[in-house]
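Subject: Handover of a structure

Dear colleague,

Please find the structure below. My notes on its helix packing and aromatic rings follow.

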Amino acid sequence: MTKAKLIELLNQALELEHQAEAQYLSHATLLSGETADTITERLTEIAGDEHKHAELFRSCLEMLDAVPSIKMHEGHPATGTKNILKTNLKDEREAVDFYRTIIAEIQKSKAELPYEWEFIEHKVRHILMDEEEHALEIRTLLGE
């Protein structure tokens, strides 16, 4: 892996986090029904986590002397509690898979980035664990 490729992947991840935060906040306003308050609260909390993830990706990019992206990945509109949860579960699973790919690539960059790779790997692994937790929570909210 080259440093340029890692920067590209980290910026893609940052764009996903920008989108995820906005999507969760938007979806949280669309809920109705007897469980709406509970689910709205959780989606809003997850949006806060996604904001923190963006900050962590920016710190990784700064470590590489790279310019963080200000773009946002394409969102996924949904309506109705079940569809909103299914949409976000799908997105969380895709994020987990993508972040696992980034971690695998970071491992390959040890020789090229001997003073950066552990910092970056640690931050991305932390984000990955949060995303896995989000997926499990959403599955629970869906009753799966």
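How many aromatic pairs does the count come to? The count comes to two aromatic pairs, where rings of Phe, Tyr and Trp (its six-membered ring) pair if their centres lie within 6.5 Å. Phe98 and Tyr99 form one that is tilted, with 6.0 Å centre to centre and 50° between the planes; planes under 30 degrees apart count as stacked, over 60 as edge-to-face and the rest as tilted. Phe98 and Tyr99 are both buried (under 20% relative accessible area, with a 1.4 Å probe and protein chains only). Phe57, Phe98 and Tyr99 are linked into a cluster by ring pairs.

Please note that this is a predicted model, in which local features need pLDDT of at least 70 and side-chain atom pairs count only at pLDDT 80 or more, while totals for chains, interfaces and linings use all residues. Residues are numbered from 1 along each chain as its sequence is written, and side-chain values use heavy atoms, leaving out hydrogens and water.

Turning to the helices (DSSP runs of H or I, at least four residues, numbered from the N terminus), helix 2 (residues 36-63) packs with helix 4 (residues 117-142) at an angle of about 165°, their axes 10 Å apart. Helix 2 is therefore roughly antiparallel to helix 4 (angles over 145 degrees, taken from 0 to 180 degrees between N-to-C directions of lines fitted to C-alpha atoms over the stretch in contact).

Helix 1 (residues 3-28) and helix 2 pack at about 160°, with axes 8 Å apart. That makes helix 1 roughly antiparallel to helix 2.

Methods: Helix = DSSP H or I, 4+ residues; strand = E, 2+ residues; numbered from the N terminus. Parallel < 35°, antiparallel > 145°, perpendicular 65-115°, else oblique. Buried < 20%, exposed > 50% of the residue type's maximum accessible area, 1.4 Å probe, protein only.
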